[in-house]
Amino acid sequence: MRLLIFTVFIIVACSALATDDSYDFDTPQQRQSFLTLTEELRCPMCQNQNIADSDAMIAHDMRRKVYNLIKQGKSNDEVITYMKSRYGDFIHYQPPVTPVTVWLWLTPLLFAVLAIAVVIGRRKSVPPEDMTTKLAAAEKMLEQNK
Amino acid sequence: MKRLVIFGIPLVVFLLLVVFLFNGLFSDPRALDSQLKGQPVPAFELPDLMSPELTYTPEIFKGKVTLLNVWGVWCVTCAVELPYLTELAKQQNVNIVGLYFDQDLDPEFGTKTVSRVQQEVREITGRFGNPYQFHIFDVYRDTALDLGVTGAPEHFLIDHNGIIRMHHIGDINQRVWLNKVGPLYRQLREEMTRSGEAE
């Protein structure tokens, strides 16, 4: 029984923490885009966290900004553009395709093409006639050893 | 020829990788390219921290070269750089303006009064030096966000036309001033005198 009460306390305490940043939305779609955006936007202070996870002050402020922009009826793309115009492409976890970043997609492709080329090249370098003569020679040796 | 390919290609790939990673060793992940370089200071209308009845707009940056220092009393590094900034203000006559924002003054659940913030600022500047002409009080931290500020301390060099010319993340000490901020500051001062002569 005591354990049960303790567990209930823990759960209540945790949910109290989680609602620390509680925001009210007019529609479930707005809430959904708030959740998506705070997941996709990166905290400029703690660079390996998104602003949903980070507790840095800048992340708090950015969440508040995202909330206000959504309340004003801005679309997801508009919010991302707003943040990019202040913090650069860096702020969004999905990098844009530019001459510099295109290598992120091209390098794996290049490696795959290279590997296939190597495999095909190797296969050709083994002539089948050579193999038959070698097999015949081996057969002969086996005969002799008997 | 075949030997050259077998040994040459991996060697070239390895050397490229070495150059790439070696550069990575000295790159600062927090040094972002500011989106505002070459842009005018974003519009704002904010009160003075010490006398809130005064209101500032980006017009205040016209006609002077300004070092805008984003800071707060809760930021330890800001206190550390205060003596050096004071020296710059006194000896080289650098026009330093503070963009003050408070951490505890939450716009939604704020409990702190402005007079408390003023008192804290007076205490800190009394202890470590006061390089500031005045403080712009960024009440809701909106202007900091518009400027692309990620934390404190951060600095903006603003020319006499109100254009942002440099965004420096981190403190200003002797090394940073001599190598990075100072040279551009002097250049901007020269630009200002030249445009003054041309008129």
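# Chat about a two-chain model

Me: How many residues of chain B are in contact with chain A?
Reply: Eleven residues of chain B are in contact with twelve residues of chain A. Keep in mind that this is a predicted model.

Me: What kinds of residues are on chain B's side of that contact?
Reply: Three are nonpolar, five are polar and three are charged.

Me: OK, chain A. How many helices and strands are there?
Reply: Chain A has six helices and zero strands. From the N terminus on, its elements run α-α-α-α-α-α.

Me: What share of chain A is buried?
Reply: Of its 146 residues, 16% count as buried.

Me: Pick one helix. What does α4 of chain A look like?
Reply: Helix α4(A) covers residues 76-87, which is twelve residues. From its first C-alpha to its last it reaches 16 Å, close to the 16 Å expected at 1.5 Å a residue.

Me: Which of its residues are buried?
Reply: A:V79, A:M83, A:R86 and A:Y87.

Me: What do they pack against?
Reply: In chain A, the buried residues of α4(A) pack against α2 (28-40) and α3 (57-71). They also pack against α4 (142-146) of chain B.

Me: What follows the helix?
Reply: A:G88 follows α4(A), and its phi is positive, near 85°.

Me: Switching topic. Which residues have the most contacts inside the largest nonpolar core?
Reply: B:L68, B:V70, B:L99, B:Y100, B:A144 and B:I158. That core has 37 residues.

Me: Which elements supply it?
Reply: Several elements of chain B each supply at least two residues of this core. Among them are the strands β3 (66-71), β4 (95-100), β5 (132-137) and β6 (154-158). The helices include α2 (76-91), α3 (114-128) and α5 (174-198).

Me: Zoom in on B:L68. What does it touch?
Reply: B:L68 touches B:V97, B:L99, B:H155, B:F156 and B:I158, leaving out residues up to four places away in sequence.

Me: What other core is there?
Reply: Another core, of 15 residues, lies apart from the largest one. It includes A:C43, A:M57, A:I58 and A:I70.

Me: Back to β6 of chain B. How many of its residues are buried?
Reply: Five of its five residues are buried, so to speak of β6(B) is to speak of a mostly covered strand.

Me: Which residues are on which side?
Reply: B:E154, B:F156 and B:I158 are on one side of β6(B). B:H155 and B:L157 are on the other. Both faces are covered.

Me: How many bridges join β3(B) to β6(B)?
Reply: Five, and the two strands run antiparallel. For instance, B:T66 has B:I158 in β6(B) as its bridge partner.

Me: And β7(B)?
Reply: Five bridges join β6(B) to β7(B), residues 164-169, and these strands also run antiparallel. B:H155 has B:H168 in β7(B) as its bridge partner.

Me: What sits between those two strands?
Reply: β6(B) and β7(B) form a hairpin with five residues between the strands. There, B:G162 takes a positive phi near 80°.

Me: Where is the cis peptide bond, then?
Reply: The bond from B:A152 to B:P153 is cis, with omega near -5°. B:P153 is in the loop between α4 and β6 of chain B.

Me: Which residues other than glycine have a positive phi?
Reply: B:N93 is one of them, with phi near 60°. B:R141 is another, also with phi near 60°.

Me: Where are they?
Reply: B:N93 is in the loop between α2 and β4 of chain B. B:R141 is in the loop between β5 and α4 of chain B.

Me: Is B:N93 buried or exposed?
Reply: Exposed, because it has 8 C-beta neighbours inside 10 Å. The cut-off for exposed is 12 or fewer.

Me: And is B:R141 buried or exposed?
Reply: Buried, because B:R141 has 23 C-beta neighbours inside 10 Å. Buried takes 20 or more.

Me: Last one. Where is B:L184?
Reply: In helix α5 of chain B. B:L184 is partly exposed, because 15 other C-beta atoms lie within 10 Å.

Me: What does B:L184 touch?
Reply: B:L157, B:R165 and B:M166, not counting residues up to four places away in sequence. B:L184 and B:L157 are 27 residues apart in sequence, and 8.3 Å apart in space, C-alpha to C-alpha.

Key: Residues are numbered from 1 along each chain as its sequence is written. Chains are lettered from A and ligands numbered from 1 in the order in which they are written. This is a predicted model: local features need pLDDT of at least 70, side-chain atom pairs count only at pLDDT 80 or more; totals for chains, interfaces and linings use all residues. Two residues are in contact if their C-beta atoms, placed from the backbone, lie within 7 Å. Ala, Val, Leu, Ile, Met, Phe, Trp, Tyr, Cys and Pro count as nonpolar, Asp, Glu, Lys and Arg as charged, and the others, Gly among them, as polar. Helices (H or I, at least four residues) and strands (E, at least two) are DSSP runs, numbered from the N terminus. The expected span of a helix is 1.5 Å times one less than its number of residues. A nonpolar core is a set of buried Ala, Val, Leu, Ile, Met, Phe, Trp, Tyr and Cys residues joined through C-beta atoms within 7 Å. Two strands pair if DSSP finds at least two bridges between them.
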